[in-house]
Amino acid sequence: MRAWRPVPFSLEIGVADPGRLETPLSNIGYWHENKDGRYRVPSGSYICLNAQACSLSCETVGTFRVRARASVCPLQDARYFEASHLVSNCRMDSQLRYRLFIIWLLASGLCLVVFYLHQSASGTTAWMLTLGLNGTKAVVEEPRPNAVIVMLVAPSRIMQAIVALRNIEDRFNRRLKYPYVVLTEAAITEAVRDKVAWVTEGRATFADLPPDMWGTPEFLDSDKIEESIKTIGLFVRAGNWAVADARCRFSTAYRSMCRFYSGFFWRHPAIIQYDWIWRLDSDIVFHCDVPYDPFVRMQSAQALYGFVQVSDDALWVQPSLAGNISAFMATHAHLLPPDANHGFSWRDIGKALRGEAGGEDWTMRTFYNNWEISHRTLWSSELYMSFFEYLDRAGGFFYERWGDAPVHSLGVSMSLRADQVMQFEDMGYEHQRWPYDCPSLARCTCVRDSVILEEFDSHGNQWFNASIEHSSES
């Protein structure tokens with residue numbers, strides 16, 4: 001069976017005596033006419049006994065311009081004669097067309113399966129699929145996430161930050177090559193800049209903290225802030241109790257940090273250009289290699305917030321936080337989505353939505369946000385912007401010690417559904433030598449050789465299994 005139907009045509013060479021031509025049509029060829037111009041199709045697909053008896057054995061469906069080129073004398077190549085003919089009815093036999101269509105479907109399905117398995121293993125976004133009957137290959141790519149890694153570094157911790165950056169590079173970012181923004185309130189020496197540039201391959205930018213985002217707001221009462229500094233200190237553990245330690249208190253700088261991360265970090269001039277923001281602290285260690293791209297995983301899952309673990313926060317440093325947030329939800333009910341995961345934060349959702357909840361109604365569940373990936377639209381939404389402005393005016397970041405972790409957690413639970421949040425449990429992430437999740441994976445260097453690591457629970461189920469149903473009292 002012939003694969004292609006020969007199309008007969010003739011060429012007028014335009015010479016008085018065609019017999020003088022030396023193998024007159026040896027230079028014949030044809031071109032595919034399309035909107036992008038033309039491209040040469042390999043020779044050998046034509047048959048010409050003479051200028052008037054030619055046929056074209058089509059190699060692809062379409063319209064072709066056939067051109068013949070020959071010289072009167074093979075030793076005098078300068079004298080060429082040309083002729084052309086439009087061939088517009090190239091078609092395949094129907095049986096072959098059906099067989100090739102089935103082969104194309106099977107090949108396309110195999111390519112999609114290979115792409116899915118490869119993406120699951122490595123997080124890659126580029127893949128190749130064979131399209132069309134002529135073997136055309138098209139590369140289909142998801143856009144690379146517009147993402148940045150952010151680290152706020154105290155002047156006394158800059159060398160610690162360099163060690164953390166080296167760990168981040170070694171574990172995943174030397175491969176992923178995302179940029180860094182290092183925020184600091186102090187001048188950075190050239191020697192430190194050179195070290196950071198060496199570790200990060202020049203992908204780190206240093207940025208100052210603008211006065212309008214850092215420090216004590218002018219609308220607050222300075223006397224009340226001073227009183228809070230004296231009365232609310234860091235807690236130390238005495239058995240199962242958390243008590244204030246007068247020797248070390250939450251400074252105004254620490255409270256400025258909580259306020260900055262609660263309401264300004266995504267608006268910083270050095271960060272505002274990015275869609276995805278991964279916040280990390282300087283006192284952290286990744287004990288596992290990360291062979292995939294976390295930003296791509298979140299983007300593919302349409303998640304807006306990522307975390308590693310949930311822990312309980314302390315009520316005594318922020319006794320009025322829950323009451324203020326409950327009051328906000330009651331006065332801004334029109335902004336709250338109907339399927340938000342309120343049950344993560346509230347024991348009685350109905351009471352919280354009515355503005356009647358206080359500290360005793362808050363679950364105190366908090367995302368451990370020294371590791372946090374978020375999409376900027378979460379924070380720039382009308383709901384969260386109004387939420388932060390309400391809290392900022394209440395003054396609790398300085399009158400008490402409202403933390404950015406509970407503020408983020410309460411904001412996320414009033415904004416997102418459970419499936420819009422993603423947990424990462426396979427990185428062996430450790431912060432300040434606190435207990436952490438040590439996966440039993442070959443790519444992890446930690447060893448679960450202690451009771452603390454053996455019994456560690458990230459409590460991610462507290463988010464994913466939280467009830468969104470209102471209390472019967474509502």
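Which residues lie nearest the centre of the largest pocket? They are Tyr254, Asn370, His431, Gln432 and Trp434, out of 50 lining residues. The model is predicted: local features need pLDDT of at least 70, side-chain atom pairs count only at pLDDT 80 or more, and totals for chains, interfaces and linings use all residues. Residues are numbered from 1 along each chain as its sequence is written, and side-chain values use heavy atoms, with hydrogens and water left out.

Start with the empty space. Rolling a probe the size of a water molecule over the atoms shows where such space is left. The search runs on a 1 Å grid over the protein atoms alone. A pocket is an open set of points with protein on both sides within 12 Å along at least five of seven lines; a cavity is a set where a 1.4 Å probe fits but cannot get out. Lining residues have an atom within 4 Å of a point. Points are joined across faces, edges and corners, and a volume is the space filled by probe spheres set on them.

The largest pocket has a volume of about 1,800 Å³. Its lining has 25 nonpolar, 13 polar and 12 charged residues. Here Ala, Val, Leu, Ile, Met, Phe, Trp, Tyr, Cys and Pro count as nonpolar, Asp, Glu, Lys and Arg as charged, and the others, Gly among them, as polar. Helix H5 (252-263) is one of the elements that each supply at least two lining residues, and strand E14 (241-249) and helix H12 (404-413) are also among them. H5 gives the largest share, five residues. Helices (H or I, at least four residues) and strands (E, at least two) are DSSP runs, numbered from the N terminus.

There is also one cavity of 30 Å³ or more. The largest cavity has a volume of about 90 Å³. Its lining counts 13 residues, with Val308, Phe424, Glu425, Tyr429 and Asp437 closest to the centre. That lining divides into six nonpolar, four polar and three charged residues.

Now turn to strand E11 (residues 180-184). Five of its five residues are buried, so E11 is largely enclosed by the rest of the structure. Buried means under 20% relative accessible area, exposed over 50%, and partly exposed in between (1.4 Å probe, protein chains only). Tyr180, Val182 and Thr184 point one way from E11, while Val181 and Leu183 point the other way.

E11 has parallel partners. Strands pair if DSSP finds at least two bridges between them. Four bridges join E11 to strand E10 (residues 147-152), and Met151 has Val182 as its bridge partner. The chain crosses from E10 to E11 through helix H2 (residues 158-176), in a right-handed β-α-β crossover. Right-handed means that, with the strands pointing away from the viewer, the path from the first strand over the helix to the second runs clockwise. Five bridges join E11 to strand E12 (residues 204-208), where Val181 is paired with Thr205. E11, helix H3 (residues 190-200) and E12 make a right-handed unit as well.

The loop between H2 and E11 holds Lys177. Its phi is near 60°, a positive value in a residue other than glycine. Lys177 is partly exposed, with a relative accessible area of 41%.

Finish with the packing. A nonpolar core is a set of buried Ala, Val, Leu, Ile, Met, Phe, Trp, Tyr and Cys residues joined through side-chain atoms within 4.5 Å. The largest has 60 residues, and Leu183, Phe260, Tyr305, Trp346 and Val412 touch the most other members. Apart from it lies another core of 38 residues, including Phe172, Tyr180, Val290 and Phe295.
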